[in-house]
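Have the viewer open as you read.

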Protein chains: 4
Amino acid sequence: MKVGIIGASGYGGLELIRLLHNHPEIEQIELFTSSEEGTVFSHKYSHLMNIVDRPLQKIEQEKLVQFDVVFSSAPAGVASHLLPPLIGKGPKLIDLSGDFRLKDVSQYEQWYNKQAAPQEAVAQSVYGLTEWNRDAIQQAQLIANPGCYPTAVLLSLLPLLKNNLIDVSGLIIDAKSGVSGAGNQPSQMTHFSETNENTAIYKIHQHQHIPEIEQAFGLFAHEAPPITFTTHLVPMTRGILATSYAPVQEGVTEAQLVDCLQQTYENHPFVRVLQETIKFGTNQVYGSNYCDLHVKVDPRTNRATIVSVIDNLVKGAAGQAIQNMNVQLGFEEITGLAFVPAFI
Amino acid sequence: MKVGIIGASGYGGLELIRLLHNHPEIEQIELFTSSEEGTVFSHKYSHLMNIVDRPLQKIEQEKLVQFDVVFSSAPAGVASHLLPPLIGKGPKLIDLSGDFRLKDVSQYEQWYNKQAAPQEAVAQSVYGLTEWNRDAIQQAQLIANPGCYPTAVLLSLLPLLKNNLIDVSGLIIDAKSGVSGAGNQPSQMTHFSETNENTAIYKIHQHQHIPEIEQAFGLFAHEAPPITFTTHLVPMTRGILATSYAPVQEGVTEAQLVDCLQQTYENHPFVRVLQETIKFGTNQVYGSNYCDLHVKVDPRTNRATIVSVIDNLVKGAAGQAIQNMNVQLGFEEITGLAFVPAFI
Amino acid sequence: MKVGIIGASGYGGLELIRLLHNHPEIEQIELFTSSEEGTVFSHKYSHLMNIVDRPLQKIEQEKLVQFDVVFSSAPAGVASHLLPPLIGKGPKLIDLSGDFRLKDVSQYEQWYNKQAAPQEAVAQSVYGLTEWNRDAIQQAQLIANPGCYPTAVLLSLLPLLKNNLIDVSGLIIDAKSGVSGAGNQPSQMTHFSETNENTAIYKIHQHQHIPEIEQAFGLFAHEAPPITFTTHLVPMTRGILATSYAPVQEGVTEAQLVDCLQQTYENHPFVRVLQETIKFGTNQVYGSNYCDLHVKVDPRTNRATIVSVIDNLVKGAAGQAIQNMNVQLGFEEITGLAFVPAFI
Amino acid sequence: MKVGIIGASGYGGLELIRLLHNHPEIEQIELFTSSEEGTVFSHKYSHLMNIVDRPLQKIEQEKLVQFDVVFSSAPAGVASHLLPPLIGKGPKLIDLSGDFRLKDVSQYEQWYNKQAAPQEAVAQSVYGLTEWNRDAIQQAQLIANPGCYPTAVLLSLLPLLKNNLIDVSGLIIDAKSGVSGAGNQPSQMTHFSETNENTAIYKIHQHQHIPEIEQAFGLFAHEAPPITFTTHLVPMTRGILATSYAPVQEGVTEAQLVDCLQQTYENHPFVRVLQETIKFGTNQVYGSNYCDLHVKVDPRTNRATIVSVIDNLVKGAAGQAIQNMNVQLGFEEITGLAFVPAFI
């Protein structure tokens, strides 16, 4: 199989390259750029010396249509222009940005403050939350790969909401992310000296992943109230930990919540449910495509605390994109993704 | 003034030494130990060379009674034995552990899993949340200095609860802490390679600061429901960020919440209320005795997100202890504590 | 192929498990312990849930002899007892500790302050610096896998010393390591709050890797003077950067040094020589088996600055051990090790 | 006393503000800017709320001349224009950039790649290495405050060179710095995700502090060979550790080196010489104006390893600038600078 990557310089793109290189079914990877045509990629990123010594190519439709799969990991607002003309022309399309995720394009324009992709393309796109949308993904021409935060949140909450075990009206989601989620563009927000030894909340009530989570609640669990979701930056590179709080429905026990999660994911290799744990953290999925879940009910308050961890660049971006590619192309879901978490 | 410190080797003790050394009213600082008598302190902690070259002294009541103030920063379960015999014998007593914080000693035994201090001593102790208990502190023989998490939580929530602006029944508190809060004892939990690049939740629903927060809600805001409070470890040394979520009461606006916080603290030099902010983090109070607050109401959900940051070793421990000492001894509250946050 | 791992709980052991799991020729991995028999490994290390749910087994010779390869990643002083009885009994033996590295056992006893392995076993062991000892490794029953620091140092300096391009008598080696090199035992030395925001020198002139480097200089480059080698701990988990300084021999140019390195390693897939670089750091080999090299000659001083980076847990430990296994078993050297560096 | 600060937004400027705020002799601090006139400083840096709520002022000579001291912490190439017109007009001038450090202006132009300050102004400037140039500093109109690396290097090596205890011809200096030394301008070099978990060497043989160190060797120790000096970036915010290596002169012992350092600095409160130490790191001077020194001679090689640590923003920048101000104005040297290192 031959794959093309648009926006290879971003962290999503770098991670796609890292993971696809170990994928047994991929024979060729080509990189495309809108601004750095001709640059030998390993001259820009020396960690890829002897691995990706090819030059970046100009984005041209006639070239892209020859690939089996085209990934776009360009920033928001780029794929909305580049991918629609390729729909139905041959390659499977997988976009890692938010450009095709929100079915209501006015929501996109409000939360992203950019022009939306054509309504028709958005309508054709399939939300790539693999464990919840496998059948549609298999048929999809264009996949809107989920955001990093939504992946962590949805995998932990959808089973409990769908089975009506927790009360969505009292739901609070507090998410913490490593800094790589902010991408590779230097800014004051991600300047080492102001990010190190600092835990900060940002974009309060305004994060563009809010409507994405709400839309998926409606789509997969028939729940669609406005949610409280906040995002925090912690001084590490990779990892998201999402802590969610919700009242359990009358009479529901912790064991039922655990069972629900376990049953939901028993045939899904990348979601694990941990029961006993003293310290539950992002390092247990570091570098892997796992999403680990943990749930406890506090008998004093009858509220559940539901925790999930992912590596934001793997399950939260490039890993899930490849998982979706595997589904689209008929490979086993774990092909090329069976990485053991690094932990240290 | 002469002060004695019991448990100087702990991080609370080291920070007391650091801060008291710049206190203009303190002439003499002596260090006491139960196990390292005779050790020259700067041989153990070389950063104190030429600063604290005195040996640790054996804990003896006849010596301790000669001080104006005795601080104890020993671990839980030590001050409960050492301090009660000193009550009324001369020195003002300030305990940085949890031993005298919970008025209901059975709660202490349940949450700390240790034998409680004598009921009589606990009854005489005064909870040292300076901004909320100034009059009692002024008269106190024995101060139970607040925990680090409760300090961050209470300063942000008490004004809103007391003025009935938020609904305590829907309150969720999600706290994130640097690792120094775990003290100086090495363990797997604080081993660098398993703590770095890792954000983790721990002690879910079981943190010993839960009853302390609930007790203070009752004492200062006449609210006492069981609360949901969780704690997370983030890979940094200092700092706590507490994010709280609560429905606002019918008709209450964001401006009212901000006003309430500003009015509550207008004469309190160490609490600041920030209005506009893109990124609100622990580095803006690093190394200082400030507690910074920020509040936003989400019009989509009618919930408030209330954030507070402190340096856990300063306002969350040694700084507040010295602030209490200043009140007890009749000094201006900021004496020796007017440190500018380091930010970088 | 079936492999057994002694000392799986250490960081070398955990990394062996992580890497061997992706090795296409390994069918079975069993874990052995001297003290935690029966413990299900994923109960101890939850990141291995669904991956290594087998219990740790008691170390018994009759079991170990049935494996194709036995790795020992136990601390110094353990393999010296456990491995000698297995020599010649079937399995290839690969020890990741220092127990069989020093041919002069009195040196071991002096630098490690422990009893040495039996002289006979030490004599049979082969030093596993793959790129420099391939033929002997292929025949070896027992491999002494190199230390992390020596790997970084030797790969960069041996070519230049062997070809007499630099003057060993003026050689200085300054090495910086992430904290995982210190292993998984908590201590004050590796306690997060005292390691974070701290760069420190330790064991000045006393690091046990000094005689190992000197021995290899003699063995592979016929140079054996005492060297100056120091070690520093920097606040990160993985990675070693070794900076070496040496006068170049009369008339030798930078281009000659670069050529020498390139020619030495042109058929060695894991050693890369970078020419132009602004910032040369450990992240360019993170998580991979690469050792990257860079050299500059200062025309003002006629000294060369030679820099090398490795991931201490991969090329500096488990990765090189597997590389050696590949050589012993006749697999291609990169089998199961073609990981792309993570960079972020 | 009234002080003005040009370039307050830089990290040197922020640290000056932090430290000067606790200086008992400073009554007024005003901030000047070339580009952000009118901006309320605490709106830009919210950690200074209630502390520096004044607006930035336009740089105007008539205003600046009214101050007792004017500090410039603007980037290289700014003070060279701004300060010369103020010489002899009233205020003592202290520049934290490299603009007046190199007496040979052609060296400045070569290493900084900028136009040098007027030769006359450079000639009048005094190098502000307080412990070594006290008398000249006392008389100085314009102080060229030393660079961060040179401060760490010179304080450790000058005594040994001046007393001819080590051989400068074999001297190697390997320095490691936290990232704040790179200033507040975001760049790929200081982007969190590429700086965290990364130790890197940069600007090999080309760092602009090389000629500064060489000039000071000549000035204070009558030694002026070209030196080997390299710089590394480690993932922490503050701190420099410089490790230097040099052959000891025939017959010189470790005790003599220690004595030399101790005697040199016995009346200098900010330089400490540590003898026994297992781990010697930057955290023992964190946040303070100390420079700590440690020296060991390796009997195997007859080389000395000389280590020094400073907080690059304090002793390496703002702290030393204030120390110089104290000398110029006739205050005790430690006035406002007696901070205890934070350690944690």
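## Ground rules

Keep in mind that this is a predicted model, with local features needing pLDDT of at least 70 and side-chain atom pairs counting only at pLDDT 80 or more, while totals for chains, interfaces and linings use all residues. Residues are numbered from 1 along each chain as its sequence is written, chains are lettered from A and ligands numbered from 1 in the order in which they are written, and side-chain values use heavy atoms, with hydrogens and water left out.

## Where chain C meets chain D

Chain C and chain D each put 56 residues into their contact (heavy atoms within 4.5 Å). Together they bury about 4,500 Å², with 55% of that on carbon and sulfur atoms; buried area here is the accessible area (1.4 Å probe) that two parts lose on being put together, summed over both. On the chain C side, the trio C:Glu197, C:Lys279 and C:Arg300 provides 17% of the area buried against chain D, more than any other three residues.

There are 4 salt bridges between chain C and chain D (a side-chain nitrogen of Lys or Arg within 4 Å of a carboxyl oxygen of Asp or Glu). One of them links C:Asp174 with D:Lys176, at 2.9 Å from N to O. As for make-up, the side of chain C that touches chain D has 25 nonpolar, 19 polar and 12 charged residues (Ala, Val, Leu, Ile, Met, Phe, Trp, Tyr, Cys and Pro count as nonpolar, Asp, Glu, Lys and Arg as charged, and the others, Gly among them, as polar).

## Strands across the interface

Strand S9 of chain C (residues 200–202) runs antiparallel to strand S13 of chain D (residues 279–281), and 3 bridges join them. Strands are DSSP runs (E, at least two residues), numbered from the N terminus, and two of them pair if DSSP finds at least two bridges between them. Within this pairing, C:Ile201 sits opposite D:Phe280.

## Chains A and B

Turn chain B by 180 degrees, with a shift of 0.0 Å along the axis, and it lies on chain A with an RMSD of 0.0 Å (least squares on the C-alpha atoms of residues with pLDDT of at least 70 in both). That's a two-fold axis relation. Both copies use the same surface: 100% of the contact residues of chain B recur in chain A.

## The sheet in chain D

Chain D has an open sheet of 7 strands, paired in parallel, in the order S3-S2-S1-S4-S5-S7-S6. Its edges are strand S3 (57–58) and strand S6 (126–127), each pairing on one side only. Strands S4 (residues 69–72) and S5 (residues 92–95) of chain D run parallel and are joined by 4 bridges, with D:Ser72 opposite D:Asp95.
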